[in-house]
Amino acid sequence: MDLLNAFVALSNFVLVPALAYGAQLALGALGVTLIYGILRFSNFAHGDTMAFGTMAVVLFTWLFQSWGITLGPLPTALLALPFGIVICMGLVLLTDRYIYRFYRAQKVKPVVLVIVSMGVMFVTNGLVRFIIGPDDQRFADGERFLISARTFKEMTGLDEGLAIKTGQALTVVIAVIAVALLFWFLNRTRTGKSMRAYSDNEDLALLSGINPEKVVMVTWLIVAALATLAGTLYGLDKSFKPFTYFQLLLPFFAAAIVGGLGSPIGAIVGGFVIAFSEVLITYAWKKVLTYALPESLAPDGLAQLLSTDYKFAVSFVILLVVLLFRPTGLFKGKSV
């Protein structure tokens, strides 16, 4: 029975949160890896693009709530999500049209586009803070828990309860659907195959008659949709704060690089590697070990390797190790 309690505690505080967080990082890292693989630069504005799309979802959610429009037990943000995606798509297309296209025409080196993306990052960050403010904004409604700890205890008779938040369950389901649609699009549609060909060999793709502007536009549209999805799911699971999305840029890039930049499968795997690493290293293991070990071996302290304040440091260390020893990542993407 104690081992069951230990497993439930582990699931409640490690496995379930890391699974949801990993799905969010995977969606964000997919956007990073698509830009790097197809447009060939590291987009430092990705975190703030996500913040902008999520901000639009938050504003529409508040509007629907003020009108009395809800989805009952599900978050109203699901209704607002398509509007946020469209607005985020408009932002990235305008940014590409009036900023990135000029530098592409000049055939500048990728490092120049990286610096340009940093400028876009600061402008977008300032715009989001100006519109919605710098503070935490909560927009989740509906049922908070899919299953509560009290209900789980009553069902099982265990001392430990398993709580699964609605946002966590939605994150996993929506992420699976989004990834399945993306892989179907890339592998089964003419436009998706054109994007893959353009990523593999730009010159050969152009000789084959592929329209580069269409490839660029579709890439940005997909990235905007993924960014808004990831940001909204993260906000529903936790809360919306512009600066937090800026900080998420580090785990996004860490996930993309660990998996292999330019590899969509690598981005997904990298997202879960980073998420589970952060949660496992910053979790206080006292409760689990108390259940799992004999009383004489139970720890007196928290048995925590690092405070949760240092969770992004875990991403940084993993990123550093990968860059030093395997810059192509787990799935041998493009070298960094």
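This briefing covers salt bridges in the structure above. The model is predicted: local features need pLDDT of at least 70, side-chain atom pairs count only at pLDDT 80 or more, and totals for chains, interfaces and linings use all residues. Residues are numbered from 1 along each chain as its sequence is written, and side-chain values use heavy atoms, with hydrogens and water left out. Side chains of opposite charge can pair when their charged atoms come close. A salt bridge here is a side-chain nitrogen of Lys or Arg within 4 Å of a carboxyl oxygen of Asp or Glu. That rule gives seven salt bridges.

**Helix α3 to helix α9**
(Helices are DSSP runs of H or I with at least four residues, strands are E runs of at least two, and both are numbered from the N terminus.)
- Arg101 and Glu213 form a salt bridge, 3.6 Å from N to O.
- This pair links Arg101 in helix α3 (residues 77–105) with Glu213 in helix α9 (residues 212–237), 112 residues apart.
- Arg104 also bridges to Glu213, with the closest N and O atoms 3.8 Å apart.
- Arg104 in helix α3 lies 109 residues from Glu213 in helix α9.

**Strand β2 to helix α9**
- Asp237 and Lys165 meet in a salt bridge of 3.4 Å, N to O.
- Asp237 is in helix α9 and Lys165 in strand β2 (residues 164–165), 72 residues apart.

**Accessibility**
(Buried is under 20% relative accessible area, exposed over 50%, partly exposed in between, with a 1.4 Å probe and protein chains only.)
- Arg101 is partly exposed at 32%.
- Glu213 is partly exposed at 35%, as is Arg104 at 22%.

**Network**
- Shared partners join Asp96, Arg101, Arg104 and Glu213 into one salt-bridge network.
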